[in-house]
Amino acid sequence: MPEPLARAIEVSRRYGDVLALDRLSLDVGDGEIVGLLGPNGAGKSTLLNLLVGLRRPTAGRVELFGGHPRDPVRRKQIGVTPQETGLPPTLRVGEVVDFVAAHYPDPVDRDELLTRFGIEDLRRRQTGGLSGGQKRRLAVALAFVGRPRLVLLDEPTTGLDVSARRALWEAIRAFEGSVLLTSHYLEEIEELADRVVVIGQGRVLADGTVAAVRGLVALRRVSVQATTLPPLAGVVSMTHDNGRTHLMTADSDQLVRELVGTGAPFSDLEIHAASLEEAFLTLTTET
Amino acid sequence: MSLVMTHARYQFLETIRIPVAVIGTMFFPAASMAFFVVPSTGDNPVAATYATASMVVFATSTTCLFQYGIGVSEDRAQPWDPYVRTLPAGAFPRFAGRILNGLVFLVLSFAPVLVIGAVATEATASPVELALGLGALVAGAVPFTLLGLTIGYALPSKAALAVAQLLFFPLAFGGGLMSAPGQAPGWVEVISPYLPTRGAAELMWAAVGDRTPDRTAVLMLAIWTVVLAAGATWAYRRDEGRRFS
């Protein structure tokens with residue numbers, strides 16, 4: 001098997017009393033598009049910061065192209081979009097691209113890059129005057145300036161409207177290298193990634209294809225007015241409050257059929273798609 | 001090396017696009033020169049030369065204090081700063097670029113003072129004296145650069161602004177920059193040898209005039225340089241430890 005582009009090996013990271021990563025291991029292989037999915041505070045950004053060399057692990061090891069991420073030579077082959085868009089407000093869009101490009105041996109042509117991300121009209125504008133969405137597109141575009149083999153995108157489309165998000169997805173999909181991106185939108189990961197890694201409380205909760213992980217996290221919540229219920233198949237977790245029972249399940253149709261079949265008394269049936277937060281919570285409490 | 005120039009160039013562009021910041025740098029020393037030095041030194045070439053030298057020290061020390069103190073602490077607060085650290089360069093080009101950019105503004109701050117001194121007063125300096133003065137300027141600017149870096153790396157931007165403002169006037173006045181050499185009010189003459197501004201001024205006065213620098217002041221300038229170098233190193237490392245470890 002070829003060497004992974006980026007590796008985290010049994011990595012832990014502590015901020016004071018908070019354990020952001022807990023002996024987490026992850027490999028990103030050549031050509032892979034990996035989505036890191038998890039609620040806020042799960043450790044996604046911390047993992048990215050370790051992989052790009054901004055932070056050091058408290059324990060364990062990170063590797064970038066087989067070397068240390070702090071080595072600038074390794075970083076020639078990556079491109080990064082941080083979670084927060086911070087562009088120097090007085091510089092023009094074209095200047096920001098030129099500045100970043102100056103760090104790479106063979107950068108992409110400026111106008112070609114801006115066109116790819118649909119911001120070619122903004123070249124002469126100062127970044128301080130751009131809208132939030134325009135800034136975000138530029139910040140993502142910057143990750144691709146140096147013809148990287150691996151780009152790391154931390155919540156690339158946060159704060160964008162639907163059409164801007166789609167446009168950005170198109171641009172990212174057109175990229176031929178490897179991608180590691182974080183998101184807390186399942187939809188975004190489904191659009192872009194072939195492999196999904198679910199992170200919660202600093203650990204890998206699930207790692208698999210989009211379809212496999214979707215089955216894990218795309219849960220339904222079936223709630224009924226009833227204090228006791230007979231045992232039912234396919235229930236991932238069960239909680240009670242105010243005389244109601246909430247059942248988490250991957251297949252609500254089958255569950256309801258079975259519930260009716262038992263003849264157990266219940267009323268006021270409700271079915272919701274579980275939010276990702278709820279799904280994560282279920283995954284976390286299960287393990 | 002070319003990366004250092006790249007960083008310096010874009011940092012310069014960032015600053016120059018806010019013209020009022022540049023005018024502020026140039027205006028204050030020039031105005032002090034026009035309002036205090038020009039009318040008071042009359043046709044006395046010696047007094048005019050010393051006063052112009054004092055104003056050059058005033059311009060460079062305050063510019064270093066503000067430029068690095070506020071510039072660094074503001075940059076530290078911006079997400080752009082950690083982003084630049086993910087580019088394939090170490091921390092050095094950005095830092096060196098910052099120092100180069102600071103030097104440009106240093107020149108901008110004292111150039112008007114020199115022009116006013118030459119045109120509107122009787123101040124004179126031979127080419128040799130000017131060259132010596134440049135050396136004195138560098139020796140005097142180093143501790144203030146370090147002071148600015150200490151403030152910038154140690155404090156959040158609002159606190160850095162306040163501290164720089166609190167320091168600059170006592171340093172200038174207490175260092176005897178507002179008076180002719182040895183002519184400051186009594187208590188200022190007592191404390192000024194212990195302030196870095198006085199040491200910088202002593203070197204500058206000696207460079208352009210017929211004067212032996214005060215030993216205590218020059219020794220103290222050296223001590224300040226060492227102390228502030230330690231301070232800046234401490235603050236820089238602490239910041240690295242907080243944000244990048």
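About 70 Å³ of space lies in the second largest cavity. This is a predicted model, in which local features need pLDDT of at least 70 and side-chain atom pairs count only at pLDDT 80 or more, while totals for chains, interfaces and linings use all residues. Residues are numbered from 1 along each chain as written, chains are lettered from A and ligands numbered from 1 in written order, and side-chain values use heavy atoms, leaving out hydrogens and water.

**Finding cavities**
- The volume is the space filled by probe spheres set on the points, which are joined across faces, edges and corners.
- The structure holds 6 cavities of 30 Å³ or more.

**The second largest cavity**
- Its lining includes A:Val80, A:Pro82 and A:Leu142 from chain A, and B:Pro79, B:Trp80 and B:Tyr83 from chain B.
- Helix H5 (132–142) of chain A and H4 of chain B each give two or more residues to this lining; helices (H or I, at least four residues) and strands (E, at least two) are DSSP runs numbered from the N terminus.
- By class, the lining has 8 nonpolar, 2 polar and 1 charged residues; Ala, Val, Leu, Ile, Met, Phe, Trp, Tyr, Cys and Pro count as nonpolar, Asp, Glu, Lys and Arg as charged, and the others, Gly among them, as polar.

**The largest cavity**
- The largest cavity has about 150 Å³ of space.
- Among its 15 lining residues, B:Asp81, B:Arg85, B:Arg94, B:Tyr153 and B:Arg243 lie nearest the centre.
- H10(B) gives the most to this lining, with 5 residues.
- The lining of the largest cavity has 6 nonpolar, no polar and 9 charged residues.

**A sheet in chain A**
- In chain A, 4 strands form an open antiparallel sheet in the order E11-E12-E10-E13; two strands pair if DSSP finds at least two bridges between them.
- Strands E11 (235–241) and E13 (267–273) of chain A stand at the edges with a single partner strand each, so one side of each has no neighbour in the sheet.
- E11(A) pairs with strand E12 (residues 244–249) of chain A over 6 bridges.
- A:Ser237 stands opposite A:Met248 in E12(A).

Key:
On a 1 Å grid over the protein atoms alone, a cavity is a set of points where a 1.4 Å probe fits but cannot get out, and a pocket is an open set with protein on both sides within 12 Å along at least five of seven lines; lining residues have an atom within 4 Å of a point.
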